[in-house]
Amino acid sequence: MKCNRIENILSERLKRVLEDINVSTELQEIRLRVDKPILIYWGNKEFFVGNDLKLRTTDENCLYATNDDIKEVLEYISKHSLYAYEEDIRNGYITIEGGHRIGLAGKVVLENGKVKTIRNVSCINIRVSHEMKGCADHILPYIVNDGLIHHTLIISPPKCGKTTLLRDIVRQVSDGFMNFCGVNVGLVDERSEIGGCYRGIPQNDIGKRTDVLDSCNKGEGLLMLIRAMAPQVIALDEIGNKDDIDAIEYALNAGCKIICTVHGNSIKDIKDKPKLQELIERKLFKRYIFLENQNNIGDVKKIYDEDHKMISMLVDKRVLKES
């Protein structure tokens, strides 16, 4: 079980904290900052840890993270050889078995103006990888219609579940669903969050016909996939810069369908990104999916067509409005 592996990288006292909570589905993040309160994000809420090792909503008599807590986590995740993970550390995180991502912050060492490594790590963010198989079930009929896959852009502010939704879309487009036969999908997983690769092997289920380039920048990775793997669909997380858009243009010319995500709250927000604006005004994307949090992460999904007309609104798995 993935979450059992999370417990295996923690200090003994932190393991005891997790004994009383459901880590299998609800645990989202554990944040450790030296000499600051330990914070746990569980069930979409923030908690401190009391001296009795119980979760609480106030910081009164709470536990503070120590340098030893940080060192112990680093030793576990690196198997006592942090030097072997220099390349990952340069990117600011290490992905461990199970697909969980450990973000690091501390003293940055530069070489020729670029990050060489991070020393004296003082902050750790343990992000628990969760799969929500089936969360795209009610979205897919709007993305795939009569065997035709629409170019799709998923939009939301942070922590609304767009990466989770994209992962399930990739899985189902790759495997096939209902009357749709699966197709080859190329996934560029720049931050190792979709596939959650550990030593190159996806720890999450991203489908039987999916090829993944892990920890590769999106622009370069997209070109590599098209040249080498001939995908019918390209999936990307958090596009936005010029290189991303240029690579998407290349994929379009190669006949690929694009399914990707971007930060934003509205069409106006994403139009402020100059290169992305061009694609929107050309009506490249046939489906826009906006995610919002109402009671749970991403439980509200509004679907728009290329003319920015809302064609459906889903709350949880119920269709509330269609036009």
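What covers the buried residues of α7? In this predicted model, the cover includes β13 (185-189), β16 (210-214), β17 (233-236) and α8 (242-253). The residues of α7 that end up buried are K218, G219, G221, L222, L225 and I226.

Let's walk along that helix. At its start, a side-chain oxygen of N217 reaches to within 3.3 Å of the backbone nitrogen of G219. From there α7 takes in 12 residues, 218-229, and at 1.5 Å a residue these should span 16 Å; the end C-alpha atoms sit 15 Å apart, so the two values agree. After α7 comes A230, with a positive phi near 50°.

| Space | Volume | Lining by class |
|---|---|---|
| Largest cavity | about 60 Å³ | 2 nonpolar, no polar, 6 charged |
| Second largest cavity | about 40 Å³ | 1 nonpolar, 1 polar, 6 charged |
| Second largest pocket | about 220 Å³ | 5 nonpolar, 5 polar, 4 charged |

K218 turns up again here: along with V188, D189, E190, R191, E193, I194 and D237, K218 lines the largest cavity. For the second largest cavity, the lining is E131, M132, K133, T164, R167, D168, R171 and D205.

As for the second largest pocket, 14 residues line it, and D88, T95, C197, R199 and D214 lie nearest its centre. The elements giving two or more residues to that lining are α4 (86-91), β5 (93-95) and β14 (197-198).

Note on methods: Residues are numbered from 1 along each chain as its sequence is written. This is a predicted model: local features need pLDDT of at least 70, side-chain atom pairs count only at pLDDT 80 or more; totals for chains, interfaces and linings use all residues. Side-chain values use heavy atoms; hydrogens and water are left out. Helices (H or I, at least four residues) and strands (E, at least two) are DSSP runs, numbered from the N terminus. The expected span of a helix is 1.5 Å times one less than its number of residues. Buried means under 20% relative accessible area, exposed over 50%, partly exposed in between (1.4 Å probe, protein chains only). Contact means heavy atoms within 4.5 Å. A polar contact is a pair of N or O atoms within 3.5 Å; within protein, one must be able to donate a hydrogen and the other to accept it, and residues adjacent in sequence count only if both atoms are side-chain atoms. On a 1 Å grid over the protein atoms alone, a cavity is a set of points where a 1.4 Å probe fits but cannot get out, and a pocket is an open set with protein on both sides within 12 Å along at least five of seven lines; lining residues have an atom within 4 Å of a point. Grid points are joined across faces, edges and corners, and a volume is the space filled by probe spheres set on the points. Ala, Val, Leu, Ile, Met, Phe, Trp, Tyr, Cys and Pro count as nonpolar, Asp, Glu, Lys and Arg as charged, and the others, Gly among them, as polar.
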